[in-house]
Amino acid sequence: MEKISVLIADDHKLIRETWSYILNNDPRFMVVAECGDSEEAVEHARNKKPQIVLMDINIAPISGFEATERIRKLSPGSRVIGISMHSQPAYAKKMLQIGARGYVTKNSSKDEMIEAILVVHGGNKYICDEIKNNISELVLDEKQEVPNVNALTGREIEIINLIKEGQSSKEIATHLKISLKTVEVHRHNILKKLKLKNAASLVNYINNLATSL
């Protein structure tokens, strides 16, 4: 039986090495590359054409969202599974919209991750149980329009998460290595797209997304 080729992209070395060890010791899989840099992940995908890409959405220097979009163009046969600590449905939905085939949180078990890989490799989509517990599969379907959230870019979702963590615009600029002015522009655009007045209403909107749809 031909092994399923996997590319692992995560900025935590221990996580990469752990998944590489687990998958390489399973006769069904073969890890063809692992990296902690999103641009390097895009290049690996271009050159190695892995069947599955495990993509951390918070990786740098470009976000996992942007890296996924590039991989989909450069290696259309590669199926991406988004991986994140975030369990908000908006993140999973955004990944599906840009072409990912699955989404698994870092709270998921080894068995669930392996199931996700097998399901996605088989041509189907996979959303982990933690996300499903927050929102119905119907809402997660990228063909179903959810007001406002669809307009957000990957970078804007990153900034929303940092705002939720209580970071100031200056701290966000430092974290993302962008200018303070750029952060303020993003914040303005986020509020405009979501038709909200301030950061407090933004955080409340995202926190209540799962129950408000």
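**Note on the pockets, core and backbone of a predicted model**

1. Two helices, α8 (154-164) and α9 (169-176), each contribute at least two residues to the lining of the largest pocket. Helices and strands here are DSSP runs, numbered from the N terminus (helices are H or I, at least four residues; strands are E, at least two). A pocket is an open set of points on a 1 Å grid over the protein atoms alone, where a 1.4 Å probe fits and protein lies on both sides within 12 Å along at least five of seven lines; lining residues have an atom within 4 Å of a point.

2. The model is a predicted one, in which local features need pLDDT of at least 70 and side-chain atom pairs count only at pLDDT 80 or more, whereas totals for chains, interfaces and linings use all residues. Residues are numbered from 1 along each chain as its sequence is written, and side-chain values use heavy atoms, with hydrogens and water left out.

3. The protein contains 12 helices and 6 strands. Of its 213 residues, 47% are buried (under 20% relative accessible area; exposed is over 50% and partly exposed lies in between, with a 1.4 Å probe and protein chains only). Among contacts (heavy atoms within 4.5 Å) between residues at least 6 apart in sequence, 63% join residues at least 24 apart.

4. The volume of the largest pocket is about 410 Å³, taken as the space filled by probe spheres set on the grid points. Its lining comprises 20 residues, and N58, I59, E158, H175 and L176 lie nearest the centre. Helix α8 provides the largest share of this lining, 4 residues. By class, 7 of the lining residues are nonpolar, 6 are polar and 7 are charged; Ala, Val, Leu, Ile, Met, Phe, Trp, Tyr, Cys and Pro count as nonpolar, Asp, Glu, Lys and Arg as charged, and the others, Gly among them, as polar.

5. The second largest pocket holds about 160 Å³ of space. Its lining is formed by P61, I62, S63, F65, E66, E69, K94, I98, T153, G154, R155 and E158. Helices α3 (64-74) and α8 are the elements that give two or more residues to this lining. The classes here are 4 nonpolar, 3 polar and 5 charged residues.

6. Helix α8 deserves a separate remark. It is mostly covered, with 9 of its 11 residues buried. The buried residues are G154, E156, I157, E158, I159, I160, N161, L162 and I163. Just after the helix, G166 adopts a positive phi of about 90°.

7. Which residues have the most contacts inside the largest nonpolar core? They are L23, L54, M55 and I117, in a core of 58 residues; such a core is a set of buried Ala, Val, Leu, Ile, Met, Phe, Trp, Tyr and Cys residues joined through side-chain atoms within 4.5 Å. Neighbours within four places in sequence aside, L23 is in contact with V6, I8, F29, V31, L54 and I117.

8. The peptide bond joining A60 and P61 is cis, with omega about 5°, and P61 sits in the loop between β3 (52-56) and α3. Although K49 is not a glycine, its phi is positive at about 50°. K49 lies in the loop between α2 (38-48) and β3, and it is partly exposed at a relative accessible area of 44%. K177, likewise not a glycine, has a positive phi of about 60°. This residue belongs to the loop between α9 and α10 (180-194) and is exposed, at 77% relative accessible area.

9. R28 is located in the loop between α1 (13-24) and β2 (29-35). Its relative accessible area is 31%, so it is partly exposed. Although 23 residues separate R28 and S5 in sequence, their C-alpha atoms are 9.0 Å apart. With neighbours within four places left aside, R28 is in contact with M1, K3, I4, I114 and L118.

10. T105 belongs to strand β5 (residues 102-105). It counts as buried because its relative accessibility is 2%. Beyond its neighbours within four places in sequence, T105 is in contact with S84, H86, S87, C128, E130 and I131.
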